[in-house]
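The following questions and answers concern a single protein structure.

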Amino acid sequence: MTTTNHPRTAPPARAATPSAPFGTDVTWTNWGGNQSATPAFTVRPRTEQEALDAVRFAIREGLPVRAVGSGHSSSPLVQTGGVLMDMSELSAITGTDPVRRRARALAGTTIHSFGDPLWEQGLALANQGDIDKQQIAGALATSTHGSGKNLGSFSSALRWVRLINGHGEIVEIGEGQLRELRAAQVALGTLGIFLEVELEVADRYYLQEEITYPTWAETAATWQADIDANRHYSFLWCPAEDSCELLDLPGSPGQDMTNRSYTKRYNIAQVQDERELSSAEGARLDRSYRIYPGGFTTPFHEFEYFVPSEHGLEAVEAIQDLIRTRHSDQKYPVEVRWVKADDGYMSQFQGRDSTVITLTTEPGTDYWPFFRDADAVLQDFEPRAHWGKIHFMTRSRLERVYPELDTFIQVRREFDPRGMFLNDHTRALVG
């Protein structure tokens with residue numbers, strides 16, 4: 001597809017308020033409760049035109065704009081004192097192409113909402129994470145992911161997007177504009193307001209689940225074999241007996257989970273009749289989109305870093321040592337996953353296969369000492385950070401680990417020369 005710019009039109013007569021439904025001085029708080037903001041206007045567009053009008057209103061009034069999805073990010077991506085765009089009303093699967101394996105959806109469509117409509121067309125998302133409540137635009141903006149050495153993030157599947165840029169125009173980016181598309185794949189909301197996206201998807205498939213509880217010695221001994229042998233492989237290392245239950249996951253019956261791994265293996269299964277499906281705990285057999293999400297329903301704060309896969313085991317053991325020696329009060333599991341390299345300029349997986357290390361803490365606790373120490377420990381492995389999680393990335397760090405940073409910034413400025421889609425957090429990183 002080619003990029004097309006809708007003709008510029010003269011803005012309507014000056015309005016003191018947005019035309020879409022809105023609230024004023026309404027405090028927004030994220031799911032985990034560690035980020036909040038009180039924008040001047042919280043706008044809830046019901047149509048593409050109302051979203052466009054809201055951005056044009058912000059341009060006229062000189063107000064910054066940020067979009068908000070389902071609020072699952074722990075980092076300060078959403079904060080603004082200007083216009084906060086709540087895109088939840090713009091939610092629908094807008095088209096599928098089973099031959100090309102493509103699906104289009106409005107920006108506010110949740111990951112959960114892709115399941116049944118795609119399945120009915122013989123399609124499915126190629127991969128998913130533990131949580132499926134995020135809106136697709138937010139998942140793309142932060143390169144949200146699942147696990148599997150041959151599977152990319154949601155962002156790696158983006159093939160087309162329609163968005164509102166900083167000129168107050170609706171712009172389309174397709175595969176004929178790889179420079180712009182690779183910037184849009186992971187944009188932290190700084191290119192504009194996404195309206196509709198197209199993803200490359202997969203033929204629908206069933207998954208067989210296998211949950212096991214090996215000791216850490218057993219997990220380490222079969223490290224590479226497990227990564228190579230399973231479509232989806234991930235685990236949560238438990239530092240304490242009650243670690244699993246902190247994330248709403250069942251521990252091993254009759255075994256102390258201390259220094260064990262809650263291990264997930266998902267592999268494609270052939271199902272001729274859905275009467276064969278099973279909901280047996282730890283051995284479910286079902287449609288793919290029903291298998292991926294599970295647990296993780298209680299709010300928490302997260303820190304998530306990515307290291308080159310060849311350093312994964314060493315990095316995980318460094319975090320284990322940190323917990324055992326300096327932060328023995330930390331009881332939440334350490335989740336470990338794998339993601340395939342991609343080409344997104346600001347993707348955590350740009351140019352390298354990655355091992356994902358996720359640390360979790362309880363809302364209301366002071367997580368800074370633990371996360372700062374974890375950040376320091378992982379510096380030996382050239383880490384990148386999940387944009388939607390708590391992190392300590394700076395502009396100088398980005399310059400070291402993101403070879404296409406300058407290209408991204410150039411594209412960002414072309415789409416938003418006045419910086420109206422920046423907030424303090426993103427300005428420091430990519431402004």
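Q: Which elements are included in what covers the buried residues of α10?
A: In this predicted model, helix α10 spans residues 368-378. Its buried residues are Phe-370, Phe-371, Asp-373, Ala-374, Asp-375 and Leu-378. The cover over these buried residues includes β18 (301-308), α9 (312-325), β20 (354-361) and α11 (395-401).

Q: How many disulfides does a search of the whole structure find?
A: A disulfide is a covalent bond between the sulfur atoms of two cysteines. The sulfur of Cys-244 lies 3.7 Å from the closest cysteine sulfur, that of Cys-238, and is therefore too far for a bond. Cys-238 is likewise in no disulfide. For the whole structure, the search returns zero disulfides.

Q: Is Cys-238 buried or exposed?
A: A residue counts as buried when its relative accessible area is under 20%. The relative accessible area of Cys-238 is 0%, so this cysteine falls below that limit. Cys-244, whose sulfur is the nearest cysteine sulfur to that of Cys-238, has a relative accessible area of 3% and is also buried. The class of Cys-238 is therefore buried.

Q: Which element gives the most to the lining of the largest cavity?
A: The structure holds three cavities of 30 Å³ or more, and the largest cavity has about 710 Å³ of space. Of its 44 lining residues, Ser-73, Gly-138, Ala-139, Thr-142 and Thr-144 are the closest to the centre. The elements β5 (65-68), α3 (136-142), β18 and β19 (334-339) each supply at least two residues of this lining. The greatest contribution, six residues, comes from α3.

Q: How many residues in the lining of the largest cavity are charged?
A: The lining of the largest cavity comprises 44 residues. By class, 18 of them are nonpolar and 19 are polar. The charged residues number seven.

Q: Which residues line the second largest cavity?
A: The second largest cavity has a volume of about 40 Å³. Its lining holds three nonpolar, two polar and two charged residues. These residues are Trp-31, His-72, Ser-74, Ile-131, Phe-300, Glu-302 and Lys-389.

Q: Which element gives the most to the lining of the largest pocket?
A: The largest pocket has a volume of about 530 Å³ and is lined by 29 residues, with Ser-153, Ser-156, Ala-157, Arg-159 and Glu-200 nearest its centre. Two or more lining residues come from each of β10 (158-164), α4 (178-185) and β12 (193-200). By class, the lining has 12 nonpolar, nine polar and eight charged residues. The element that gives the most, with four residues, is α4.

Q: Which residues lie nearest the centre of the second largest pocket?
A: About 280 Å³ of space lies in the second largest pocket. Its lining divides into six nonpolar, seven polar and four charged residues. Of the 17 lining residues, those nearest the centre are Asp-130, Ile-131, Asp-132, Lys-133 and Pro-293.

Q: What is the phi of Arg-101?
A: Most residues other than glycine have a negative phi. Arg-101 sits in the loop between β7 (93-97) and β8 (102-106), and it is partly exposed, with a relative accessible area of 37%. Its phi is positive, near 55 degrees.

Q: Is Ser-143 buried or exposed?
A: Ser-143 is placed in the loop between α3 and β10. Although it is not a glycine, this serine has a positive phi of about 60 degrees. A residue under 20% relative accessible area counts as buried. At 0%, Ser-143 is therefore buried.

Q: With which residues is Ala-141 in contact, leaving aside its neighbours within four places in sequence?
A: Ala-141 is found in helix α3 and counts as buried, because its relative accessibility is 17%. Pro-417 stands 276 residues away in sequence and 19 Å away in space, C-alpha to C-alpha. Leaving aside neighbours within four places in sequence, the contacts of Ala-141 are Val-186, Ala-187, Leu-188 and Gly-189.

Definitions and conventions: Residues are numbered from 1 along each chain as its sequence is written. This is a predicted model: local features need pLDDT of at least 70, side-chain atom pairs count only at pLDDT 80 or more; totals for chains, interfaces and linings use all residues. Side-chain values use heavy atoms; hydrogens and water are left out. On a 1 Å grid over the protein atoms alone, a cavity is a set of points where a 1.4 Å probe fits but cannot get out, and a pocket is an open set with protein on both sides within 12 Å along at least five of seven lines; lining residues have an atom within 4 Å of a point. Grid points are joined across faces, edges and corners, and a volume is the space filled by probe spheres set on the points. Ala, Val, Leu, Ile, Met, Phe, Trp, Tyr, Cys and Pro count as nonpolar, Asp, Glu, Lys and Arg as charged, and the others, Gly among them, as polar. Buried means under 20% relative accessible area, exposed over 50%, partly exposed in between (1.4 Å probe, protein chains only). Contact means heavy atoms within 4.5 Å. A disulfide is a pair of cysteine sulfur atoms within 2.5 Å.
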